[in-house]
Amino acid sequence: MSIEQTRPPHGGHGDRGITVLLRSMHDVVAEEGSAQDRLDRLTKVIASHIVADVCSIYLRRPDDRLELYSTEGLKAEAVHETKLDWGEGLVGLVAQNHRPLVTENAPAHPSFAYRPETGEDPLRAFLGVPLIRSGKTLGVLVLQNTSARRYTDEEIEAAQAVATLLAEIAASGELLSQEETEAVGEMLHRPERLKGAGVVPGIAIGRAIFLEPPTPKHKVFASDLAVEAERLEESLTALRASVDKMLSENDKLAGVSREVLETYRLFAYDRGWKDRLRTAVFSGLTAEAAVEQVQSENRARMMQARDPYLRERLQDLEDLSHRLLRLLSGDEDGSSRAMFDDSILVTRVMGPAELLEYDGGKLKGLVIGETSSTSHLAIVARALNIPMVAGVEGAMVRAEEGDTLILDGAAGELHIRPTAEVVESYKAERKLQSERRFAFTQERELPPCTLDGVDVKIMMNAGLALDMPHLHDTGASGVGLFRTELQFLIGSQLPSVATQEALYREVLDLADGKPVIFRTADIGGDKTAYYMEQGQDGNPAMGWRGLRMALDRPGMIRQQLRALLGAAEGRALYVMFPLVTLPDEIDQARALLDREIERRERQEKALPSEIYLGAMIETPAAAWRADLIGPKVDFLSIGGNDLAQFYFAADRDSDRMQRRFDGMNPGFLGFLKMTVEKAISANVRLSYCGEQTADPLIAAALIGVGMTEFSLPATSVGPFRRQVRSLNRSHIAEWLDARLTSDSVSLREEFHAFLQSNGVDFE
Ligand code: PEP
Ligand code: MG
């Protein structure tokens with residue numbers, strides 16, 4: 001197969017060859033005749049331009065099978081006879097994977113499905129390209145040759161260009177009869193229920209939005225070339241102006257780094273890009289179809305690139321193309337991100353900072369590629385009360401912008417386009433849950449004391465001023481962990497001392513006398529700020545983060561300590577350092593605090609009434625030496641998310657790892673018990689602030705190993721209080737003690753049964 005190799009009248013290779021082909025396809029679509037006639041003529045045109053022994057088009061049918069609709073080269077009797085299931089054979093695989101498939105020897109491929117009626121016996125080389133529109137596969141274009149050969153990148157690109165156009169034509173209803181087009185549309189839009197992993201509990205009912213917006217519907221072929229060329233020119237000018245504007249206003253633009261914008265600008269002004277867009281328009285396409293055409297070529301080219309930098313830049317080009325399409329559809333600056341009042345965001349990846357930039361009032365749920373419940377994204381989502389599910393295979397392709405979605409963050413389920421009955425039943429469940437929450441609020445004054453008289457202290461985790469009202473409606477006795485870095489992650493600049501001081505003062509005011517433990521910024525790992533130098537660590541979670549960064553570059557932490565001292569003047573100040581590893585680090589950190597205290601004294605400014613210093617136990621090294629770290633501070637707090645990550649050497653963000661190693665592992669619980677004992681021997685207070693306590697079994701087990709102070713996500717405070725009041729600590733301790741040395745993977749099931757038989761309450 002080659003493009004235009006043997007047909008000189010149509011021009012030469014490459015872009016010109018494709019241009020001629022696309023123009024011929026345009027002529028065919030404009031001709032009279034039935035849909036089948038047009039399709040057969042298209043197949044002929046493609047086959048005659050792209051010199052392959054076989055060119056076939058398979059289309060997706062209402063029964064979700066792929067049917068051979070037209071062919072040049074296979075036996076004519078096979079048309080409408082050969083049908084493949086989704087995922088069956090090479091054609092089914094291309095459709096299912098949404099990716100081209102190239103092989104030199106099709107019969108040797110493990111997925112090959114032999115279809116004798118097609119007469120494909122002598123064929124070897126195979127190239128299948130999906131026809132994709134709005135993320136949905138509408139069919140497959142197949143090219144085959146008798147010789148075992150490898151198709152060139154240029155040939156694959158050409159086939160993709162043709163497939164993109166075929167998908168557009170299919171979506172506009174030109175390839176099937178109107179009834180069939182509608183039936184396929186219905187099939188693609190039927191209700192679906194997908195299963196993933198629950199990350200943040202809660203029920204969200206809303207409409208799908210994507211980080212990458214969908215392509216607006218548009219015509220494929222131009223009726224007036226000059227008009228289309230003009231539209232392209234205007235939108236390109238507007239695009240360049242909007243990128244220039246973004247660069248000049250970069251200060252205001254949280255979330256987009258200067259480097260990214262500079263790359264945008266390079267692309268936006270790229271001569272080659274513009275030339276290719278113009279060429280596509282002059283081949284007879286509308287400006288929109290030209291943008292898609294060129295983008296699909298770019299995609300094909302860059303996906304093959306070995307250079308990872310180049311592959312990453314694909315994202316920038318995709319974004320620019322989307323902006324251009326939005327400009328062509330009349331959107332002012334191509335950057336508007338319309339949201340529904342009840343939006344559920346579906347995305348493969350997202351950082352915690354990006355989530356904070358969304359309109360809190362409108363974002364009701366989050367569907368993400370992969371993350372675990374202890375990731376920082378999950379922590380932010382929980383703080384914002386946004387239910388979240390992860391790992392829902394296919395959500396990106398099966399849902400469309402604007403589809404109704406129901407997300408059940410506890411069960412890890414996602415319903416796409418649910419029926420009215422399903423919506424109603426979830427609404428009822430949501431009401432029930434809010435009633436349950438209300439019942440917990442009613443119990444907020446009840447003392448969290450176990451049946452055998454052990455007083456438990458329940459505090460709450462927070463990170464934003466908007467978390468603070470929960471302190472009162474949950475009845476938590478204080479904030480046991482205020483994650484200050486969330487404020488650092490939001491903006492495009494390091495917040496000034498005054499901005500930080502204002503936030504901390506507001507938080508203390510809102511706490512209304514209840515203690516707030518401010519954890520100094522734990523930046524690094526998965527929490528990187530846009531303006532910060534990116535670490536070069538291969539394992540950022542174990543790299544330059546937390547206290548390590550603060551001690552090496554004390555400028556930032558000194559500013560933060562200054563802001564905290566100012567905000568707490570005349571009141572008690574609790575400061576805690578993250579990711580302590582060695583006792584000596586505490587001495588260094590305390591010296592920094594002392595310097596700031598002296599500075600204030602020199603300036604004759606008032607100091608906090610008392611200052612308490614704490615260390616987080618988040619590394620096994622610190623847990624092992626808790627008895628040495630303890631005497632250097634006023635309190636310790638176990639950051640169980642990190643501690644478990646390092647204990648098991650298992651990424652806290654990886655759902656797969658989280659499923660593999662359970663916090664109910666007897667070894668881990670024994671290790672925590674040892675830490676409690678070391679804290680007791682050092683006579684220092686110890687609390688537990690990892691998110692695992694949202695799991696009632698782990699929370700109860702922690703009480704069993706001797707923990708009495710906790711800081712939990714706000715939503716877990718009520719259920720935990722009720723649980724504490726229903727359990728007997730000494731019984732649990734006895735039960736656990738007998739099992740801490742066991743080699744079982746997890747005590748979960750046994751412990752569940754034990755608690756249940758003892759009447760312990762857990763939600
Ligand atoms: C922890 O690691 O358990 C913790 C509380 O800190 P963070 O989750 O913010 O890392
Ligand atoms: Mg931590």
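I call a residue buried under 20% relative accessible area, exposed over 50%, and partly exposed in between, with a 1.4 Å probe and protein chains only. This is a predicted model, so I read local features only at pLDDT of at least 70 and side-chain atom pairs only at pLDDT 80 or more, while totals for chains, interfaces and linings use all residues. Residues are numbered from 1 along each chain as written, chains are lettered from A and ligands numbered from 1 in the order written, and side-chain values use heavy atoms, without hydrogens and water.

**Entry 1: positive phi**

I looked up Ala-649. Its relative accessibility is 68%, so Ala-649 counts as exposed. Ala-649 sits in the loop between H23 and H24. Helices here are DSSP runs of H or I with at least four residues, strands are E runs of at least two, and both are numbered from the N terminus. The phi of Ala-649 is near 50°, a positive value in a residue other than glycine. Most residues other than glycine have a negative phi. I noted that this positive phi comes just after H23.

I then checked Asp-64, where phi is near 65°, again positive in a residue other than glycine. Asp-64 lies in the loop between strand E1 (54–60) and strand E2 (65–72). Is Asp-64 buried or exposed? Asp-64 counts as buried because its relative accessibility is 15%.

I went back to H23. Of its 9 residues, 8 are buried, so H23 is largely enclosed by the rest of the structure. Among the buried ones are Asn-641, Asp-642 and Gln-645.

Arg-652 is in the loop between helix H23 (640–648) and helix H24 (655–660). With 5% relative accessibility, Arg-652 counts as buried. I listed its contacts, meaning heavy atoms within 4.5 Å. Leaving out residues up to four places away in sequence, Arg-652 touches residues including Ser-372, Thr-374, His-376, Asn-641 and Gln-658. Ser-375 is also on that list. Ser-375 and Arg-652 are 277 residues apart in sequence, yet 6.1 Å apart in space, C-alpha to C-alpha.

I also found a polar contact between the side chains of Arg-652 and Asp-642, at 3.1 Å. A polar contact is a pair of N or O atoms within 3.5 Å; within protein, one must be able to donate a hydrogen and the other to accept it, and residues adjacent in sequence count only if both atoms are side-chain atoms.

**Entry 2: ligand 1**

Which residues come nearest to ligand 1? Of the 16 residues around ligand 1 (a heavy atom within 4 Å), they are Arg-483, Arg-519, Glu-618, Asn-641 and Arg-652. I recorded an oxygen atom of ligand 1 at 2.6 Å from a side-chain N or O atom of Arg-519. For Arg-652, a polar side-chain atom lies 2.8 Å from a ligand 1 oxygen. For Asp-642, the distance from a side-chain N or O atom to a ligand 1 oxygen is 3.0 Å. Taken alone, ligand 1 exposes 290 Å², and the protein buries 100% of that (Shrake-Rupley areas, 1.4 Å probe).

**Entry 3: strand E18**

I followed Arg-519 into the strands. Its bridge partner in E18 is Met-576. Strand E17 (residues 516–519) and E18 run parallel, joined by 3 bridges. Two strands pair if DSSP finds at least two bridges between them. E18 is also joined to strand E19 (residues 610–617) by 7 bridges, again parallel. Of the 9 residues of E18 (residues 572–580), 8 are buried, so E18 is largely enclosed by the rest of the structure.
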